[in-house]
Amino acid sequence: MSTPQPSADGRSRGAVDLSIAPDKPGAPDEDVDTSPDSSYDDVGPTGRPRRRIPEPPILDKHGPAAVLAMCNQKGGVGKTTSTINLGAALAEYGRRVLLVDFDPQGALSVGLGVQPHQLEQTIYNVIMERSVTLDDVVRRTTVEGMDLLPSNIDLSAAEVQLVAEVGREQTLGRVLHPAMKEYDYVLVDCQPSLGLLTVNALAAADSVIIPLECEFFSLRGVALLIDTIEKVRERLNPKLEISGILATMFDPRTLHSREVMARVVEAFGDIVFDSVINRTVRFPETTVAGEPITRWAPRSAGSRAYRTLAREVLAR
Ligand SMILES: Nc1ncnc2c1ncn2[C@@H]1O[C@H](COP(=O)(O)OP(=O)(O)OP(=O)(O)O)[C@@H](O)[C@H]1O
Ligand SMILES: [Mg+2]
């Protein structure tokens with residue numbers, strides 16, 4: 001890990017640069033969002049009046065970090081995609097961000113162009129071996145100000161090995177502690193389960209973001225997730241809050257998506273973010289490109305949605 005550095009153009013990382021680079025060669029151009037910024041519309045896709053989001057203040061120093069767990073035990077709802085793109089958008093706003101891959105599948109690492117099976121040391125080694133520190137394993141990403149703590153399949157062994165340890169639920173929090181002063185946000189990409197790794201993420205977190213696919217069956221597991229969050233708050237981590245529910249894979253053209261959205265807003269009210277992530281092939285493409293959408297297709301609607309989400313997170 002390294003100390004904050006001025007960027008190539010000499011500005012410090014605290015400066016907010018809102019100029020948007022052109023899309024990468026090869027990124028198809030069909031969904032470039034040329035509409036006026038819809039984040040200023042009165043009614044958003046949630047069907048609810050939008051709340052005004054203040055411009056994020058410019059930082060002149062970094063830390064202590066807020067830890068956000070990206071959590072839903074349902075698979076394929078956009079946890080990893082949201083971790084990468086929210087992280088990259090927060091970094092665009094001058095925040096120092098650490099992304100923690102806490103899923104043995106290593107999808108977050110892959111999404112940032114890292115081949116997890118080729119790594120000699122990962123988060124597994126930091127957790128299980130006292131001689132390995134965060135600095136040994138954390139690496140920079142192509143996004144300035146955003147670092148990655150990668151994982152691979154080794155992490156699945158940690159879940160078994162930790163069971164016998166004292167303070168097993170607080171392991172992640174303990175290893176992240178030295179990084180808190182360097183970063184403004186630590187985003188933990190959880191695996192799709194409510195097992196010991198996810199409990200570790202919740203025990204280390206200040207708050208949870210629940211990505212929720214706009215699909216009927218998605219609603220079913222959320223009560224169990226909220227129940228787990230409440231148990232962790234009571235027993236392990238009294239400061240734990242739900243930062244918000246993020247509707248993902250929304251298709252404004254289908255009645256089904258709009259109905260699910262209405263149910264979500266009815267059930268969870270104000271904690272549903274006004275920012276909504278539409279379904280678009282741009283996201284699977286970015287995984288192949290190994291880059292966040294904010295770099296792969298900076299002018300796309302998907303980039304804009306994650307930037308608006310970043311502003312909401314900064315304001316909460
Ligand atoms: N808004 C979106 N529109 C279309 N595809 C998306 C969107 N968000 C994510 N995807 C795609 O859906 C798949 C699952 O997304 P992702 O890996 O982010 O979910 P996840 O919740 O992390 O999954 P898992 O539970 O397996 O870890 C990926 O192929 C991803 O590219
Ligand atoms: Mg994932």
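The legends below describe close-up views of a predicted model.

View 1. Seven strands make an open sheet with mixed pairing, in the order 3-4-2-5-1-6-7. Strand 3 (139-140) and strand 7 form the edges, and each has a single partner strand, so one side of each lacks a neighbour in the sheet.

**View 2. Strand 1 and its partners.** Strand 1 (residues 66-70) runs parallel to strand 5 (residues 185-190), joined by five bridges. Strand 1 also pairs with strand 6 in the parallel sense, over three bridges. Ala69 takes part in both pairings: Val188 stands opposite in strand 5, and Val208 is the bridge partner in strand 6.

**View 3. Strand 6 and the step to strand 7.** Six of the seven residues of strand 6 (residues 207-213) are buried. Seven bridges link strand 6 to strand 7 (residues 241-248), again in the parallel sense. Here Val208 faces Ile242 of strand 7.

View 4. Helix 1 lies across strands 1, 2, 4, 5, 6 and 7, and runs at about 170° to strand 5. Helix 7 (residues 196-204) lies across strands 1, 2, 5 and 6. The angle between helix 7 and strand 5 is about 160°.

**View 5. The shell around ligand 1.** Ligand 1 has 18 residues around it; Gly75, Lys79, Thr80, Thr81 and Pro192 come nearest. By type, the shell holds seven nonpolar, eight polar and three charged residues. Helix 1 (79-92) and helix 10 (282-289) each contribute at least two residues to this shell.

Methods
Residues numbered from 1 in each chain as written. Chains lettered and ligands numbered in written order. Predicted model: local features only at pLDDT ≥ 70, side-chain atom pairs only at ≥ 80, totals over all residues. Near = placed C-beta within 6 Å. Helix = DSSP H or I, 4+ residues; strand = E, 2+ residues; numbered from the N terminus. Nonpolar A, V, L, I, M, F, W, Y, C, P; charged D, E, K, R; others polar. Buried ≥ 20, exposed ≤ 12 C-beta atoms within 10 Å, placed from the backbone. Pairing = 2+ DSSP bridges. Contact = placed C-beta atoms within 7 Å. Axes fitted to C-alpha atoms, helices over the stretch in contact; angles between N-to-C directions.
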